[in-house]
Structure formats: structure tokens, C-alpha cells
Amino acid sequence: MGESESESEAPKVKLRPIVRLGMFLISHSHLLSVVCCTAGVLTLLLLPLLAKNTYISENALMPGSANPMLSSQEVSEANGLVKDLTNLDLKPMASGIESQRLIAQYMSNLGAEVSFQKFYPQSNQFHPLHFFSSPDSATIRENISCSSYGLNTVGIIRAPRGDGKEAIVLVTPYNSEKIGLGEALSLGIAYSVFSLLTRVTWLAKDIIWVVADSKYGEYAAVDAWLRDYYIPVFSGLGIQNAEMCHGLEENAITERDMRDGFKRAGTMAAALVIKVVDRSEQFEDSLSIYAEASNGQMPNLDLINIVNYLAVHRQGLRIKVEKMWSLLNCKWLMILGEILESLGHLAKSLNPQWKFGIPAVDYVEGTATLASSLYYQALGIPTGPHGAFRDYQVDAITLEISSRVSSNNKGRQNDFLLRGGRLIEGVIRSVNNLLEKFHQSFFLYLLTSPSKFLSVGVYMIAFALLVASLPMVAASLYGHANNLDPGFEKNKSNHPASASDELGITLRSWKWLYAAKKVLVVHLWGAVVLLLPYFICQIPNCSPTTSFVVWVLLSIFSLIILFWILGSPFSYVNASQPQQREWALLKSVTISAAFIGLCLMSVINFATAEIGALLMVPMCLMAHPLKLDVKSRKLRNISRVACNLALAFIGLPPTAFLVFKCVFEGFDGISVGDFWNWLESIWAWSSATYLYIGMIHLPCWILCIHVILHPC
């Protein structure tokens with residue numbers, strides 16, 4: 001009797017505040033998930049309001065602090081090159097090597113070190129062993145004729161004040177087989193700057209001018225040169241082959257400047273890709289900046305800032321960045337912008353120091369630019385040849401200049417070359433001032449305009465809110481599936497547990513391992529689906545639509561075999577007992593896997609993780625067996641059925657791709673083969689988005705469908 005009284009009077013264990021908070025969040029996980037998802041979407045829509053003005057973090061850059069030195073003399077010399085190139089292109093018997101000889105001769109006349117680099121066309125065929133590395137060029141050199149080689153022309157200026165340890169790179173892509181006026185003008189701009197830099201005394205970094213032969217693509221030419229630059233070749237065979245193929249041995253430049261083989265300078269501080277688009281702008285000369293590299297990598301923001309500052313405040317150019325043009329005419333987005341603008345005026349009337357809200361037009365343009373920045377970063381494909389530099393940790397951007405009027409006008413062409421050359425001169429002068437690599441400003445950011453950006457600390461808030469509820473919901477489902485809710489704990493405290501009860505609790509607590517086995521096997525199936533394109537590519541003369549259909553059929557066939565194995569009696573602890581709570585454990589482990597996958601993807605490519613979270617988080621949270629919802633016949637359950645079906649439809653990767661394409665580009669020319677072409681492009685560029693689709697998104701979609709169709 002005394003022992004029972006002493007036990008009843010024993011003080012209860014006081015839980016720590018963090019434990020009580022965790023229990024509270026788990027017990028209110030449904031409310032928490034609604035609040036977090038809503039807050040995450042709203043934060044994403046409010047991001048254009050949170051954007052800050054760009055600023056130059058590195059004081060040593062000092063853009064515009066010196067007057068430009070580029071004069072009409074350099075422009076006149078550049079005009080001579082442009083004229084010679086265009087005249088050469090008009091000759092019916094002219095070959096690509098003639099233009100390369102001409103450019104090399106102009107470089108040599110300035111006293112630059114000139115060299116040629118031969119490269120081979122690359123194959124985009126999928127190979128699983130080459131996904132994380134560049135294809136072996138030796139495997140694609142077979143049966144390649146001399147006319148199939150690409151040839152880059154490279155000129156190097158040694159800095160009079162430098163020690164040869166650092167360099168700045170200028171790249172001008174051009175098609176050696178057909179030189180257009182825009183390509184000739186881009187070569188003219190680069191040559192005018194190159195000519196100036198051979199005479200200045202302030203240069204502290206070597207200048208490398210790469211005239212990239214883009215007949216096999218701009219990126220391929222630049223990537224081939226960088227590969228040879230960073231991977232030394234100890235044989236002169238490549239140079240000899242280039243001479244034999246193209247007849248360069250007849251040129252005196254080759255005899256004098258190519259005897260030492262591939263020429264190099266120092267570590268690259270920055271790279272600028274110069275392109276001129278021969279189209280007429282409506283208002284003024286414009287400059288488009290392309291910065292996205294592979295897997296969402298971006299150059300240091302200071303590089304974009306100095307280009308923006310010099311172009312706008314020194315050369316009077318209008319800066320443009322990519323926008324999602326379909327969003328500019330979106331009515332609901334304009335209405336939302338007007339509401340936010342009204343709220344901003346209201347907040348300012350209450351307190352003049354509150355700076356909340358922007359004009360509705362600026363909000364729509366900011367959202368369109370932000371959506372484009374998210375899309376191209378999530379795609380994981382470089383938006384220009386500058387992406388090849390970022391793979392070697394070199395900050396680079398592509399500058400695409402377009403003129404207000406036709407460049408055929410002589411006076412207009414001189415002014416265009418002068419302004420473009422002075423812009424490049426100013427950027428080079430700023431980078432030349434650096435004593436170390438770009439490091440002060442941001443590497444992780446999103447642009448909402450050329451002069452506004454969102455840092456990683458701001459845009460991660462939306463993603464964090466979207467995924468915050470996933471671990472809480474997973475813990476809540478696990479607790480209910482194992483009868484560990486607070487009510488069960490009270491009943492257990494009133495009745496002492498026997499040995500059989502403790503054994504049952506132990507078995508129930510370990511039942512999640514069988515759900516984890518299903519999740520693991522389905523994710524392994526996702527890896528198999530990623531490898532199927534390798535075998536499909538072996539089918540000759542297979543159209544994109546046929547390839548997509550074959551890929552889907554093989555994936556479904558392997559999935560049927562998988563579920564036949566998982567549906568066997570060996571998948572359960574005891575087949576004779578009904579698995580009423582098995583779906584809850586499966587959903588709990590699926591949500592945990594989705595949470596881990598999204599968090600890992602946010603480290604590799606945030607944009608992919610953000611878009612994936614918008615599709616996957618609602619689908620994972622809403623997944624519920626249709627059988628239970630149909631039995632209840634309540635309005636809440638019927639609405640959940642409709643939401644599950646809609647989310648399951650939009651969550652399938654091919655469906656999501658086609659829906660977004662229809663929304664942003666229209667319904668013209670839409671086919672299922674478009675998804676296969678898109679899939680080919682992201683695996684050809686070794687995009688992490690390809691791995692995300694197969695290893696995270698698709699398996700989680702399959703598991704959610706399994707939960708929805710569960711025969712509980």
C-alpha cells in the first residue's frame with residue numbers, strides 16, 4: 001500500500017521547453033503546414049518588393065574613375081578590320097581559313113603573340129559514365145576530316161607592369177564559314193580595345209583575345225580552348241595537324257609565333273564574351289547581359305555591377321536582362337501589383353519612413369525578370385559561352401550589344417564601335433585594378449532588374465517556409481501510425497504495460513523500416529529510369545516523340561515489376577493482419593525523403609529546389625488514400641480528392657513541363673517530343689536538374705500516387 005502511494009506521489013518528469021515546443025508543433029502539424037505553405041508562396045510573390053539596389057562592394061574596382069583612352073584612331077583601325085572581313089565574306093571562293101589568317105595578321109601587326117588551336121566537334125550522345133565529366137575527345141576524333149576541325153585564333157598581350165601570373169580574357173565568337181555584319185562588328189570592338197591595350201602603360205594583367213570559331217557552337221569553341229588551356233598538352237602534334245589541315249605553314253605568322261605550341265598567360269581574373277546583334281532597336285542602343293552558367297552558377301555580382309554602371313552612366317546604353325515575357329501581360333499579376341502599390345501608399349501615409357511597395361509596372365517587370373532568372377538557373381544550361389569559364393571558377397558574362405539604327409551607316413558605325421570599345425576598356429581597367437579574385441560581392445543571387453537583386457539570405461526564406469512543415473508532418477504521421485499520440489500515452493500511463501504490450505509497441509515502432517524499404521527501392525528505380533535514355537539513344541533514326549514513348553513504356557514496365565515485388569506477402573510483417581496504418585508510415589517516410597532531397601538540391605541549385613518545392617510539397621502533404629475519402633463522402637474529403645487528382649496531374653514531370661510551356665509560350669506546336677528534347681538538353685549539359693527529376697521528384701510522385709491508391 002505504501003509503495004503504491006509513494007509511486008502516485010512521485011513527481012512527474014518536467015520536459016524541456018524545446019521538447020514541449022516540438023510536441024506542440026507535431027500535434028498542430030496540419031495547421032502548421034497550411035500556414036507555412038501559404039507564407040512560402042506569399043513570400044515568393046513579395047520577393048520583387050524585397051529587392052535591393054545593386055552596389056559595388058570591391059572599392060579597388062573604381063569604375064569610371066579614369067577618362068577613356070580609346071580614340072578615333074583605334075576605331076579607324078577597327079573599321080579597317082570590319083571592312084576587310086566583310087569584303088572577304090563577299091568573295092565566292094573565300095574559305096574560313098582566309099578570315100583566320102586575316103585576323104591573325106592584324107593581331108601580329110600589333111605585336112601580340114598569336115597562336116591557333118584546333119578542336120573537334122563534340123558528341124551530345126548520352127553516356128552515364130560521362131555525365132559528371134566532359135566527353136573524351138579521343139573517342140570522337142575518328143573519321144574526322146581536316147575540313148571538320150574548328151580553329152580558334154588566340155592573341156596575347158603581355159602586361160608591361162605585370163608578372164604574367166594574371167590575365168583578362170576577351171572572347172568574340174564568329175562563324176568562320178559565314179561571317180555576318182554583327183560578328184564583324186564584335187571583332188571590330190574587340191580589336192579596337194586590343195589595339196589600345198598594346199600601347200598603354202597602366203596594364204598589370206595580360207590580355208588574351210580568343211577569336212572562337214563557332215561553326216560547331218559558341219560554347220564548344222570556348223570550352224575546347226579552356227580545356228587545352230588548363231590541361232597541358234606536351235606534344236606538338238595538334239599544332240602540326242592544324243598547320244597541315246589548314247595550310248598555315250605557308251603563313252609567316254605561323255613560323256614565327258607558333259613554334260612554341262599552345263600559348264598561355266596567367267590565372268584568369270575575369271572573362272568578357274562580346275557579341276553584336278545586327279538588329280535595329282526602337283529607342284536607343286541596348287546591352288543585354290547573360291550571366292547564368294551550368295547548374296545555376298553565377299559570376300560575382302560586382303562584375304555585372306561595373307558593366308551596368310559604365311554602360312548606363314558612361315556610354316548611355318540601355319541595359320536589358322532576360323524576362324519571362326508572357327508574365328508582362330498577366331492581368332492577375334498586374335492586379336496584385338496594384339494592390340501592393342496601394343498598401344505601400346497606405347503604409348507611407350501612416351509613417352513616411354516606411355518604404356513599402358513599388359509601382360505596379362515595376363512589380364510586374366521585376367516578377368518577370370525574377371521568374372526568368374529562376375527558370376534559367378533551374379534549367380542548369382549556360383545562357384552563353386561564358387558558362388564554360390564558370391566551370392573553371394572564372395567569373396565571366398556575355399555582353400550582347402544591339403544598335404538603335406542599322407550599322408551600315410558609316411558615321412553610326414564609328415560611334416557604335418567607339419561606345420562599345422570604351423565600355424570594354426572601362427571594364428578591363430576596373431578588373432585590372434584588382435589585387436585578388438572577385439570575392440567581396442555575392443555569388444548567390446537573383447536579379448529582378450539590371451540594378452536590383454535578391455541575396456541568398458532573402459530568397460531562401462520562401463524555400464525555407466515551403467519545406468519547414470515537412471518534418472513536422474512526417475513526425476505526426478509516424479506518431480499516429482504507431483499509436484503514440486497524446487491520448488494513447490494517457491491510457492498507457494493509467495494501466496501498467498505488460499511484457500506483450502511492450503513487445504507490440506516495439507514491433508510497431510520498427511514498422512517504418514518496411515515503408516523505408518519501399519521508398520528506397522522506388523528511388524533506386526528512379527536511377528534506372530535515368531539510365532534508360534542511354535539505351536534508347538542506340539535506336540537508329542528515332543524521333544523525339546518515339547523516344548519519349550519508348551522511355552515511358554520502359555519506365556512503366558519496370559515500375560510494374562517493382563510493384564509486383566513490393567506487393568508480395570514478403571513486403572509486410574504479417575500478411576494476415578490488415579495494414580490500416582501502412583499508408584501513413586509510407587507517407588511519413590516519403591515526406592522525409594522529399595525533405596532531404598529538396599534540402600540537398602537547394603545546396604546544388606537553389607532555383608531547381610524552389611520550383612520543385614512548389615510542385616512537390618503540396619502533393620506530398622495532400623496525399624491521402626482515395627478509398628477513405630470516398631467512404632466518408634464529406635465535402636472536405638471530396639475537395640481533398642479533387643486536390644489530389646489535380647496535384648498528381650500537374651506534379652508529373654512531363655505534364656508539368658508541357659503545362660508551363662503552354663502557359664508561357666502558347667499552345668502552338670506543342671508535342672510530347674518537346675519534353676524529350678528538353679531532357680536531352682539538360683543531360684547533354686550535365687545539369688543537376690536531370691538527377692533531381694529522376695532521383696527525387698519522380699520517385700516521390702510515384703510514392704504519392706501509391707499512397708493515394710492505397711487499398712487500406
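This is a predicted model: local features need pLDDT of at least 70, side-chain atom pairs count only at pLDDT 80 or more; totals for chains, interfaces and linings use all residues.
Me: How many aromatic pairs does the structure hold, and what makes two rings a pair?
Reply: The structure holds 22 aromatic pairs. Rings of Phe, Tyr and Trp (its six-membered ring) pair if their centres lie within 6.5 Å; planes under 30 degrees apart count as stacked, over 60 as edge-to-face and the rest as tilted.

Me: What is the arrangement of tyrosine 230 and tyrosine 392?
Reply: This pair is stacked, with 4.7 Å centre to centre and 10° between the planes. Helices (H or I, at least four residues) and strands (E, at least two) are DSSP runs, numbered from the N terminus.

Me: Why does tyrosine 230 count as partly exposed?
Reply: Buried means under 20% relative accessible area, exposed over 50%, and partly exposed in between (1.4 Å probe, protein chains only). Tyrosine 230 has 33% relative accessibility, so it counts as partly exposed. Tyrosine 392, at 26%, also counts as partly exposed.

Me: Why is the pair of phenylalanine 548 and phenylalanine 675 called edge-to-face?
Reply: The ring centres are 5.8 Å apart and the planes stand at 75°, so the pair is edge-to-face. It links distant parts of the chain, 127 residues apart, with phenylalanine 548 in helix α19 (residues 544-566) and phenylalanine 675 in helix α25 (residues 673-684). Phenylalanine 548 and phenylalanine 675 are buried.

Me: Why is threonine 608 called buried?
Reply: Threonine 608 has 4% relative accessibility, so it counts as buried. Threonine 608 lies in helix α21 (residues 606-622). Leaving aside neighbours within four places in sequence, threonine 608 is in contact (heavy atoms within 4.5 Å) with Ala378, Met601, Thr689 and Tyr692.

Me: What is the class of alanine 204, buried, partly exposed or exposed?
Reply: Alanine 204 has a relative accessible area of 30%, so it is partly exposed. Alanine 204 is found in the loop between α6 (181-197) and β5 (206-213). Its contacts, leaving aside neighbours within four places in sequence, are Ala159, Arg161, Gly162 and Asn432.

Me: How many cavities are counted, and what makes a space a cavity?
Reply: On a 1 Å grid over the protein atoms alone, a cavity is a set of points where a 1.4 Å probe fits but cannot get out. Grid points are joined across faces, edges and corners, and a volume is the space filled by probe spheres set on the points. The count comes to four cavities of 30 Å³ or more. The largest cavity has a volume of about 120 Å³. Its lining residues (an atom within 4 Å of a point) include Ile289, Tyr290, Glu292 and Leu447. The largest share of that lining, three residues, comes from α12.

Me: Why do β1 and β10 count as edge strands?
Reply: Two strands pair if DSSP finds at least two bridges between them. Three strands form an open, antiparallel sheet in the order β1-β11-β10. β1 (52-53) and β10 (445-449) each have a single partner strand, so one side of each is left without a neighbour in the sheet. β1 and β11 (residues 452-455) pair over two bridges, and asparagine 53 stands opposite lysine 452 in β11.

Me: What makes β9 mostly covered?
Reply: Seven of the seven residues of β9 are buried. β9 pairs with β6 (residues 267-277) in the parallel sense over seven bridges, and with β7 in the antiparallel sense over five bridges.

Conventions
Residues are numbered from 1 along each chain as its sequence is written. Side-chain values use heavy atoms; hydrogens and water are left out. On a 1 Å grid over the protein atoms alone, a cavity is a set of points where a 1.4 Å probe fits but cannot get out, and a pocket is an open set with protein on both sides within 12 Å along at least five of seven lines; lining residues have an atom within 4 Å of a point.
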